[in-house]
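Please view the sequence and the model together.

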Amino acid sequence: LQSEDIDTLYEAVSCIETKEEFYNFFEDLCTITELQSLAHRFTVAKMLSDGYTYQDISDKTGASTATISRINKCLGYGADGYSVILSRMKKK
């Protein structure tokens, strides 16, 4: 997944300083559907991390069990991206 384009995108994101800048950048970068999908996946990851069951998550978010399962695999066997960020958020 590494490429010059992705590196440039990550560098751009690292330059964002305020929540308003995040909103503006991602509004320009993503379609509404893309942004909602990203937020939805992160919500599922947070709920899994908080110990919710697949059924609870599906009921509360409308996520399919396939989506929940994929995100759960990332939490257990992925690159630790979700875990690192969720851990930092819990410390705040």
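The model is predicted. It contains 2 salt bridges, and a patch of negative charge lies on the surface.

**Salt bridges**

- Lys-46 pairs with Asp-50 in a salt bridge, with 3.0 Å between the closest N and O atoms.
- Asp-50 also forms a salt bridge with Lys-90, at 3.7 Å from N to O.
- This second pair links distant parts of the chain, as Lys-90 lies in helix α6 (residues 81-91) and Asp-50 in the loop between α3 (32-49) and α4 (54-61), 40 residues apart.
- Through shared partners, the salt bridges join Lys-46, Asp-50 and Lys-90 into one network.

**Exposure within the network**

- Asp-50 is partly exposed, because its relative accessibility of 38% falls between the 20% and 50% limits.
- Lys-90 has a relative accessible area of 52%, so Lys-90 is classed as exposed.

**Negative surface patch**

- The patch of negative charge is formed by Glu-4, Asp-5, Asp-7 and Glu-11.
- Glu-4 belongs to helix α1, which covers residues 4-14.

Terms used. Residues are numbered from 1 along each chain as its sequence is written. This is a predicted model: local features need pLDDT of at least 70, side-chain atom pairs count only at pLDDT 80 or more; totals for chains, interfaces and linings use all residues. Side-chain values use heavy atoms; hydrogens and water are left out. Patches are made of residues with over 30% relative accessible area and no salt bridge: like charges are joined within 9 Å, nonpolar side chains (Val, Leu, Ile, Met, Phe, Trp, Tyr) within 5 Å. Accessible areas come from the Shrake-Rupley method with a 1.4 Å probe; for residues, only the protein chains shown count as cover. A salt bridge is a side-chain nitrogen of Lys or Arg within 4 Å of a carboxyl oxygen of Asp or Glu. Lys and Arg count as positive and Asp and Glu as negative; His and the chain ends are not counted. The place of a charge is taken as NZ of Lys, CZ of Arg, CG of Asp or CD of Glu. Helices (H or I, at least four residues) and strands (E, at least two) are DSSP runs, numbered from the N terminus. Buried means under 20% relative accessible area, exposed over 50%, partly exposed in between (1.4 Å probe, protein chains only).
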